[in-house]
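Me: I would like to learn how to read the contacts in a model. Please take me through them feature by feature.

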Amino acid sequence: MTTAAPTETEFDVTPILAERWSPRGYDAAFELSDADVAVLLEAARWSPSHSNSQPWKFVFARRGSADFDAVVEALAPGNRTWAGRASALVVAVVETERDGKALPWGLYDLGQSVAHLTVQASALGLATRQMAGFAADRIVSSFELPATLEPRAVIAVGRWSHADDVPEAVREFDELAPSRRSRKPLDEVLLRPVAGAALDVPDIDGR
Ligand SMILES: Cc1cc2nc3c(=O)[nH]c(=O)nc-3n(C[C@H](O)[C@H](O)[C@H](O)COP(=O)(O)O)c2cc1C
């Protein structure tokens with residue numbers, strides 16, 4: 001994906017990860033091919049999970065479908081301003097219980113499955129932005145989800161665009177992405193020093 005936010009990582013992580021970022025500007029004419037849809041779901045499906053329980057479910061709603069419109073209606077107003085231009089909105093749903101037993105690692109597993117989908121999207125040159133800003137109860141009623149299935153995120157998928165037809169506020173948001181994107185320094189992330197490793201990673205924040 002051509003990026004507004006090249007990530008200057010301290011060490012060379014794989015380009016697929018380094019090039020991933022979360023834009024809000026999407027090409028409203030771009031359509032995912034059937035092959036793209038299949039590969040994205042395949043990546044999510046082959047994610048690891050606790051006891052191979054695979055506690056994830058998805059609604060993969062392409063722009064132009066009634067499902068897509070239902071997801072847009074469930075979005076928080078701020079997200080609704082940009083996400084309707086994405087090629088697809090994917091609702092990520094966790095199965096909380098199976099055969100009367102709780103699936104305690106479900107949320108962990110769902111997040112990892114979505115991570116695989118986003119990295120696969122990056123490899124295909126596609127952009128994604130995940131959203132927690134949506135009304136879960138509206139998704140539950142639109143898609144008639146039982147009590148054991150909880151929608152936890154919506155993921156916009158599409159082709160990043162910075163063209164004139166993208167609303168100005170959205171373009172500005174993406175233009176500021178390189179300065180806005182930052183990460184905590186490693187010493188705030190590591191609870192203990194790594195024994196025997198001289199990790200000279202000062203402060204990777206703000207770059
Ligand atoms: C669980 C989750 C919820 C998020 N919710 C929203 C959201 O509702 N709206 C939005 O615009 N971005 C949302 N984001 C995007 C994050 O703000 C973004 O991933 C973060 O700032 C890091 O930027 P990057 O993905 O470009 O590295 C969410 C991301 C995650 C993982």
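Reply: Start with the polar contact: a pair of N or O atoms within 3.5 Å; within protein, one must be able to donate a hydrogen and the other to accept it, and residues adjacent in sequence count only if both atoms are side-chain atoms. Here a polar backbone atom of Q130 is 2.9 Å from a nitrogen atom of the ligand.

Me: What kind of model is this, and how are residues numbered?

Reply: This is a predicted model: local features need pLDDT of at least 70, side-chain atom pairs count only at pLDDT 80 or more, and totals for chains, interfaces and linings use all residues. Residues are numbered from 1 along each chain as its sequence is written, and side-chain values use heavy atoms, with hydrogens and water left out.

Me: How many residues surround the ligand?

Reply: A residue is near a molecule or strand if one of its heavy atoms lies within 4 Å of it. By that rule 13 residues surround the ligand, and the closest are S22, R24, R129, R181 and R183. They divide into four nonpolar, four polar and five charged. In this sorting, Ala, Val, Leu, Ile, Met, Phe, Trp, Tyr, Cys and Pro count as nonpolar, Asp, Glu, Lys and Arg as charged, and the others, Gly among them, as polar.

Me: Which element gives the largest share of that shell?

Reply: Elements are DSSP runs, numbered from the N terminus: helices are H or I with at least four residues, strands are E with at least two. The largest share, three residues, comes from β5. The elements giving two or more residues to the shell are α4 (77-83) and β5 (127-131).

Me: Back to R181. Is this residue buried or exposed?

Reply: Buried means under 20% relative accessible area, exposed over 50%, and partly exposed in between (1.4 Å probe, protein chains only). R181 has a relative accessible area of 18%, so it is buried. R181 sits in the loop between α8 (177-180) and α9. Its side chain also reaches the backbone oxygen of R20 at 3.2 Å.

Me: How do I read a salt bridge?

Reply: Side chains of opposite charge can pair when their charged atoms come close. The criterion is a side-chain nitrogen of Lys or Arg within 4 Å of a carboxyl oxygen of Asp or Glu. A search of the whole structure finds seven salt bridges. One of them joins D27 to R159, with the closest N and O atoms 2.9 Å apart. D27 lies in the loop between α1 (15-18) and α2 (34-45), and R159 in the loop between β6 (149-158) and α7 (168-175), so the pair ties together parts that are 132 residues apart in sequence. D27 counts as buried at 17% relative accessibility, whereas R159 is partly exposed at 39%.

Me: What does R62 pair with?

Reply: R62 meets D34 in a salt bridge, 2.9 Å from N to O. R62 is in strand β1 (residues 56-62) and D34 in helix α2, so this pair links parts 28 residues apart in sequence. R62 is partly exposed at 32% relative accessibility. D34 is exposed at 58%.

Me: And what is the N to O distance between E150 and R152?

Reply: These two side chains meet in a salt bridge at 3.3 Å. E150 is partly exposed at 31% relative accessibility, and R152 is partly exposed at 40%.

Me: Where is S161, and what does its side chain reach?

Reply: S161 lies in the loop between β6 and α7. Its side chain reaches the backbone nitrogen of A163 at 3.1 Å. S161 is buried, with a relative accessible area of 10%.

Me: Last, the surface. Which residues form a nonpolar patch?

Reply: Patches are made of residues with over 30% relative accessible area and no salt bridge: like charges are joined within 9 Å, nonpolar side chains (Val, Leu, Ile, Met, Phe, Trp, Tyr) within 5 Å. L190, V194 and L199 form such a nonpolar patch, with about 230 Å² of accessible area together. L190 lies in the segment after α9 (186-189). L190 is partly exposed, with a relative accessible area of 35%.

How values were computed:
Accessible areas come from the Shrake-Rupley method with a 1.4 Å probe; for residues, only the protein chains shown count as cover.
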